[in-house]
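Let's work through how to read a few features of a protein model together. Take a look at the sequence and structure first.

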Amino acid sequence: MARTALVTGGSRGIGAAISKALKAEGHNVAATYAGNDGAAAKFTEETGIKTYKWNVGSYEESKAGIARVEEDLGPIDIVVANAGITRDAPFHKMSPEQWQEVIDTNLTGVFNTIHPIWPGMRERGFGRIVVISSINGQKGQFAQVNYAATKAGDLGIVKSLAQEGAAKGITANAVCPGYIATEMVMAVPEKVRESIIGMIPAGRLGEPEEIARCVTFLSSDDAGFINGSTISANGGQFFV
Ligand SMILES: NC(=O)c1ccc[n+]([C@@H]2O[C@H](COP(=O)([O-])OP(=O)(O)OC[C@H]3O[C@@H](n4cnc5c(N)ncnc54)[C@H](OP(=O)(O)O)[C@@H]3O)[C@@H](O)[C@H]2O)c1
């Protein structure tokens, strides 16, 4: 069934692959972004998917942006909380600003994205929520105290929402990607990237489309009995 889907950070990287995959499933898709107007315009030109600009770290901006999307495309049935950032530093060098920026985007941003959509999902008796967490929220990571805290927190959000939404036809699940070949990962020095690949039993980085396929499955009408779960897609790097 064709539904309306919102993908935060849906104009680049993993989010862009998710937006395209949901469109290919026949859904009406809105993709958001934070500031890279050029990338968003190019994405819309190439895919026909409408993009919307707001900071997921702001509740007011999220609420107003979501209202605009619902005005344009109708009530949102599928929400993919994907927008995320890194501000890495070893803990002894991590500034309060680096901590806060990552908390605001990766954790509060998930609250800000889902909370305004939740009442409508409850009223309509249907919803699919997918949060993009990370392998590093499952296992922790050197120089990522801030990032790992948010990604572990995202799993707590999903497990709690699963319990609150189940009776209303709403599911909430998480995908924990391992290292995926996006700008975020390709930006790390080649030597570091090679050492990361050395830790992945599959011997390669993942592709954004491999994460997108997890999302289309979890957001389908058929996935109604899968709730509060986490799909790890990491090439065998870490088992929970
Ligand atoms: N890449 C990986 O290996 C990997 C592994 C595990 C988990 N993840 C998670 O997967 C998600 C996507 O990662 P990616 O590698 O695809 O990232 P990316 O290529 O850097 O793209 C990030 C997207 O999020 C948007 N965004 C960033 N901050 C935002 C904010 N405050 N408000 C609204 N939008 C914002 C960006 O908008 P602009 O274009 O305007 O900047 C962009 O569209 C993240 O949550 C990340 O933590 C990634």
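Q: Which residues form a nonpolar patch on the surface?
A: A patch is built from residues with over 30% relative accessible area and no salt bridge, with nonpolar side chains (Val, Leu, Ile, Met, Phe, Trp, Tyr) joined within 5 Å and like charges within 9 Å. A salt bridge means a side-chain nitrogen of Lys or Arg within 4 Å of a carboxyl oxygen of Asp or Glu. Here F91, W99 and V145 form a nonpolar patch, with about 300 Å² of accessible area together. Areas come from the Shrake-Rupley method with a 1.4 Å probe, and for residues only the protein chains shown count as cover.

Q: What should I keep in mind about the model itself?
A: This is a predicted model, so local features need pLDDT of at least 70 and side-chain atom pairs count only at pLDDT 80 or more, while totals for chains, interfaces and linings use all residues. Residues are numbered from 1 along each chain as its sequence is written, and side-chain values use heavy atoms, with hydrogens and water left out.

Q: Why does W99 count as partly exposed?
A: Buried means under 20% relative accessible area, exposed over 50%, and partly exposed in between. W99 has 34% relative accessibility, so it counts as partly exposed. W99 lies in helix 4 (residues 96-114); helices (H or I, at least four residues) and strands (E, at least two) are DSSP runs numbered from the N terminus.

Q: In what order do the 7 strands form the open sheet?
A: Two strands pair if DSSP finds at least two bridges between them. In this model the order is 3-2-1-4-5-6-7, with parallel pairing. Strand 3 (50-53) and strand 7 (230-233) are at the edges, each with a single partner strand, so one side of each has no neighbour in the sheet.

Q: Which strands does helix 7 touch?
A: Contact means heavy atoms within 4.5 Å. Helix 7 (residues 145-165) packs on the sheet and touches strand 5 (127-132), strand 6 (170-177) and strand 7, its direction making about 160° with that of strand 6. Axes are lines fitted to C-alpha atoms, for helices over the stretch in contact, and angles run from 0 to 180 degrees between N-to-C directions.

Q: Is T32 buried or exposed?
A: T32, which lies in strand 2, has 1% relative accessibility and therefore counts as buried. Not counting residues up to four places away in sequence, T32 touches residues including L6, Y52 and W54.

Technical notes. Buried < 20%, exposed > 50% of the residue type's maximum accessible area, 1.4 Å probe, protein only.
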